[in-house]
Amino acid sequence: MKKYDVIIVGAGIAGLTAALYAARQKLSTLVISADLGGQLLLTNEIQNFPGFMSISGLELIRKVEEQAKTYGAEILFDEVTSIAEQENLFTVKTASGNEFQAEAVVLAFGKSPKEMGVPGEKELKGKGVSYCVICDAPLYRGKKVVLVGWGLHNYENIVRLRDYASKVYWVFPGEKPLEEEELLNEAMSKGNVELVPFSEPVEV
Ligand SMILES: Cc1cc2nc3c(=O)[nH]c(=O)nc-3n(C[C@H](O)[C@H](O)[C@H](O)COP(=O)(O)OP(=O)(O)OC[C@H]3O[C@@H](n4cnc5c(N)ncnc54)[C@H](O)[C@@H]3O)c2cc1C
């Protein structure tokens, strides 16, 4: 069984940054990931990564991949299914039957946004369909936007979006998107948010 100093689970920006640091310290480093880029693949344009005025998620991750590989990090595309520790040594198993050992394991498996599951969504991901208001609201300056969802965390989303968008249609399944009357009034106070109750998206 092949042994590494460090195994990193996930080749998103966090995992590849960890790989770059570890490999540069001359630690033998293996990154195991289901894909390259993780959530960065969901965004076409990043405007707040230091050093770049504007860069696509794919372009950014390719640069970090190259940087990590330059120092000797290896990347394997596979899914980690189990990690076990015995006497300070970790055994990492994958879906395609690979097995590795490492002195340390870095978990950088991120998260996946909840999808609406409607036609058109996949095709338009990162091209107008977004899953991160705090990340992407500035890209929709002066545009009409639909926010899908309800509950308290969407108060923050609507307040952020309404400051950029010319108009926000707030689509939700029930009578109200928020139980808290005061917050709802505040959310509507700018005059450019329109509630679309008892609704759900069927297509993008
Ligand atoms: C639409 C959108 C736009 C965004 N825009 C911006 C922005 O403009 N600026 C900004 O700073 N941030 C932005 N973000 C947030 C940013 O993309 C994330 O915070 C960041 O990419 C998270 O990186 P990560 O490496 O922690 O995790 P992830 O990107 O989630 O990567 C996790 C990786 O782990 C892999 N993985 C998970 N489980 C396993 C397993 N069992 N085995 C193997 N591999 C596994 C996944 O396949 C993936 O490659 C945006 C996010 C979204 C969704």
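1. Start with a link across the chain. Lys167 forms a salt bridge with Glu194, and their closest N and O atoms are 2.9 Å apart. This pair joins distant parts of the chain. Lys167 sits in strand E8 (residues 167-171), and Glu194 sits in strand E9 (residues 193-196). The two are 27 residues apart. Keep in mind throughout that this is a predicted model.

2. How exposed are the two partners? Lys167 has 23% relative accessibility, so it counts as partly exposed. Glu194 is also partly exposed, with a relative accessible area of 35%.

3. Now the wider count. The structure holds twelve salt bridges. Side chains of opposite charge can pair when their charged atoms come close. Some of these residues form a network: Arg162, Asp163, Glu186 and Lys190 are linked by salt bridges.

4. Helix H5 (residues 153-162) and helix H6 (residues 181-188) have axes that come within 9 Å and cross at roughly 15 degrees. H5 and H6 are therefore roughly parallel to each other, as the angle is under 35 degrees. The crossing of H5 past H6 is left-handed.

5. Which residues make the contact between H5 and H6? From H5 come Tyr155, Ile158 and Arg162. From H6 come Leu183, Glu186 and Ala187. By class, this contact has four nonpolar, no polar and two charged residues.

6. Next, the other helix pair. Two packed helices are described by the angle between their axes and the distance between the axes. For helix H1 (residues 13-24) and helix H2 (residues 57-70), the angle is about 20 degrees and the axes are 8 Å apart. That makes H1 roughly parallel to H2. Their crossing is left-handed.

7. Look at the side of H1 that meets H2. Ile13, Leu16, Thr17, Ala19, Leu20 and Ala23 are the H1 residues in this contact. Their H2 counterparts are Leu60, Ile61, Val64, Glu65, Gln67 and Ala68. By class, the contact of H1 with H2 has nine nonpolar, two polar and one charged residues.

8. Is Glu65 buried or exposed? Glu65 counts as buried, because its relative accessibility is 10% and the cut-off for buried is under 20%. Glu65 also takes part in the H1 to H2 contact.

9. Glu65 forms a salt bridge with Arg62, with the closest N and O atoms 3.2 Å apart. The two are three residues apart in helix H2, so about one helical turn separates them. Arg62 is partly exposed, at a relative accessible area of 44%.

10. Glu65 forms a salt bridge with Lys69 too, and here the closest N and O atoms are 3.1 Å apart. Why does about one helical turn separate Glu65 and Lys69? Because they are four residues apart in helix H2. Lys69 counts as partly exposed, at 43% relative accessibility.

11. Gly72 lies in the loop between H2 and strand E3 (74-77). At 44% relative accessibility, Gly72 counts as partly exposed. Gly72 touches Ala23 and Thr29, leaving aside residues up to four places away in sequence. Ala23 belongs to H1 and is one of the residues that meet H2. Gly72 and Leu27 are 45 residues apart in sequence, but 8.9 Å apart in space, C-alpha to C-alpha.

Definitions and conventions
Residues numbered from 1 in each chain as written. Predicted model: local features only at pLDDT ≥ 70, side-chain atom pairs only at ≥ 80, totals over all residues. Heavy atoms only, no water. Axes fitted to C-alpha atoms, helices over the stretch in contact; angles between N-to-C directions. Parallel < 35°, antiparallel > 145°, perpendicular 65-115°, else oblique. Left-handed = near helix turned anticlockwise from the far one by under 90°. Contact = heavy atoms within 4.5 Å. Nonpolar A, V, L, I, M, F, W, Y, C, P; charged D, E, K, R; others polar. Salt bridge = Lys/Arg side-chain N within 4 Å of Asp/Glu carboxyl O. Buried < 20%, exposed > 50% of the residue type's maximum accessible area, 1.4 Å probe, protein only.
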